Amino acid sequence: MFRAFRSEVEDAVDAALAALDLPTDDLGVEEPPEDVPATLASSVAFRLAGEVGAAPPSVAADVAAEIDPAEYEYVGGVDTQGPYVNFYVSEAYYEDTLAAGREASHGKLPSTGKSVVVEHTSANPTGPIHVGRARNPIFGDAVARVLEYAGHDVETHYYVNDAGRQVAVFTWAYETFDEGDLPEPERDRADYDLVRYYRKGNAYLESADEVDVEAAEEEIAEIMQGLEAGDEETYERVAAVVDQVLGGMRESLERLPATFDRFVKETQFIRNGDADEVVRRLKDSDEAVYEEDAWQLDLSGFGLEKNLVFLRSDDTTLYTTRDLAHHEWKFANYDEAVTVLGEDHKLQAEQLEAALEILGNDTETLRQTFYSWVNLPEGGMSTREGTGVDLDDLLDESVRRAREEVEDRLDSRIRDDDLEAEDIDRIARQVGIGAVRYDIVSKQPTKGITFEWERALDFEAQSAPYVQYVHARCCGIESEAAAAGIEPAADVSRLTTDAERALLGEIARFPAVIERAADDLEPHVVATFARDFAETFNTFYRECSVLNADDEAVAAARLGLVEAARHTVANALDVLGIEAPESM
């Protein structure tokens with residue numbers, strides 16, 4: 001309802017300014033300060049005071065006088081406070097909010113008909129995913145989810161680097177070394193098994209005799225050239241390594257969960273000739289130069305000092321060259337392309353976008369968003385040589401700590417539903433993994449994160465368990481009310497307290513929060529809303545009993561409000577990729 005109310009306010013201000021023969025290019029509609037009880041306000045009087053030749057409060061009064069709330073469904077009142085025109089919601093606003101909130105789909109916006117591909121994670125298939133890179137799948141998955149909630153037709157893609165030097169080294173090492181020369185794998189899974197070969201290969205290239213390294217480098221170069229030449233045997237050799245490692249990495253990602261509609265291999269664009277065609281077109285461009293035995297793009301005209309190399313002296317393409325073909329494929333098949341990248345890829349992303357423009361593409365349909373790294377506090381977990389802390393280690397530890405917290409709280413639980421061992425396991429997984437996701441996705445993506453267990457698993461503070469507990473509490477209230485024979489009702493006339501109206505107001509805002517998060521690719525906005533919503537609900541819970549309400553009609557209306565709150569918090573958590581437990 002908030003989106004509809006905002007639209008009505010904008011229409012009202014626009015019509016009032018037109019009636020006063022004043023410019024309507026900037027309506028100044030915004031949310032008022034916390035001490036102003038209005039839902040929205042307009043600061044337009046500030047902008048127009050000089051033009052009108054009157055003080056801002058006088059201009060605000062003139063604008064307000066031109067607005068008749070009776071002409072609008074959700075505008076219940078208008079007044080002024082100094083230079084601001086304040087807008088208040090009608091009773092119909094609350095009625096329709098409660099009705100909308102009681103729908104399980106609350107927060108999901110109508111279909112836009114726009115197809116959007118979201119590419120995220122795309123970690124090199126060389127071994128298990130480590131903590132520092134964990135932000136990409138968590139942030140990327142939340143971006144995809146919020147875009148889907150905003151009504152877009154979303155596909156998630158993992159772009160597989162199966163043609164670069166790292167993969168060639170991996171393939172060579174896998175074919176060269178014996179398992180007997182390797183340490184025991186850290187887990188019984190393909191990515192942990194095969195990464196031993198990759199580490200062994202890199203160590204060999206750094207420490208072996210010069211003659212032996214040269215021989216190894218020749219074999220590695222042959223693999224890369226075989227890929228470029230379209231040699232099927234080379235593709236099969238590389239795929240034998242990549243597909244196994246990728247299978248293990250997917251198991252880690254699915255724990256988050258972060259799933260993908262498609263895994264797109266970069267060799268696809270070598271094999272179908274797209275990369276060669278990109279090279280041909282780039283060579284013909286005005287920006288193409290041949291320097292230092294390589295074809296490059298001079299991007300100084302785009303404000304970039306560093307040239308982009310797109311073809312090596314041995315006629316092999318680079319990752320970015322193949323990614324150009326990849327992006328043109330995305331442009332041809334989707335209305336919009338979103339890419340989630342680490343902050344160390346900013347220059348590469350700028351070069352890519354400039355090269356796409358040189359190739360004649362409309363880069364307005366490309367949106368690239370960046371994230372910073374995740375760190376662990378000193379001594380927070382042990383590290384393993386060569387890998388740092390793996391994502392699996394982080395998730396295991398978080399689930400373990402969550403189980404301890406759940407078990408410690410068993411005796412203080414208010415809800416009378418005995419938890420079996422499998423229930424505790426389920427809750428520990430939901431809370432533990434939810435804590436990791438929330439702690440990471442709740443921060444602005446460009447800010448670095450230091451993951452801290454005590455904060456992330458705090459049931460009483462700004463954390464996933466704090467929000468998840470609201471959903472469990474809603475489920476408990478509904479269960480007890482059903483046992484008492486109370487049926488939910490949509491009667492807002494019975495919901496008159498400040499706590500009830502405040503909760504309705506937050507429920508009304510949820511679709512607008514989704515809209516903003518999708519527009520800006522900022523799912524942390526939803527995380528902030530979820531935390532604030534939890535605080536608002538807990539105030540309602542303390543002040544407005546359902547089971548002990550003054551009469552049955554109030555109890556039924558409050559139960560309807562609890563149902564709307566449950567849908568709101570469940571969907572807010574779902575946008576963030578966090579499960580909503582029914583009991584905790």
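The following exercises, with worked solutions, concern a predicted model of a single protein chain.

**Exercise 1.** Determine what the overall make-up and dimensions of the chain are.

*Solution.* Step 1: the secondary structure consists of 20 helices and 14 strands. Step 2: along the principal axes, the C-alpha atoms occupy a box of roughly 85 × 65 × 40 Å. Step 3: of the 584 residues, 53% are buried. Step 4: for contacts between residues at least 6 apart in sequence, 74% link residues at least 24 apart.

**Exercise 2.** Describe the surface and the charges of the chain.

*Solution.* Step 1: the accessible surface is about 25,600 Å², and carbon and sulfur atoms account for 41% of this area. Step 2: the chain carries 52 positive and 125 negative charges, whose mean positions lie 3 Å apart.

**Exercise 3.** Identify which residues of H7 are buried and what covers them.

*Solution.* Step 1: the buried residues include Tyr192, Val195, Arg196 and Leu205. Step 2: their cover includes helices H6 (165–176), H8 (210–228), H9 (232–255) and H14 (391–408).

**Exercise 4.** Decide whether Thr234 is buried or exposed.

*Solution.* Step 1: Thr234 belongs to helix H9. Step 2: its relative accessible area is 5%; the cut-off for buried is under 20%, so Thr234 is buried. Step 3: leaving aside residues up to four places away in sequence, Thr234 touches Ile223, Gly226 and Leu227.

Terms used: Residues numbered from 1 in each chain as written. Predicted model: local features only at pLDDT ≥ 70, side-chain atom pairs only at ≥ 80, totals over all residues. Heavy atoms only, no water. Helix = DSSP H or I, 4+ residues; strand = E, 2+ residues; numbered from the N terminus. Buried < 20%, exposed > 50% of the residue type's maximum accessible area, 1.4 Å probe, protein only. Contact = heavy atoms within 4.5 Å. Areas by Shrake-Rupley, 256 points an atom, 1.4 Å probe, with all protein chains shown as cover. Lys, Arg positive; Asp, Glu negative; His and termini not counted. Charge placed at Lys NZ, Arg CZ, Asp CG, Glu CD.
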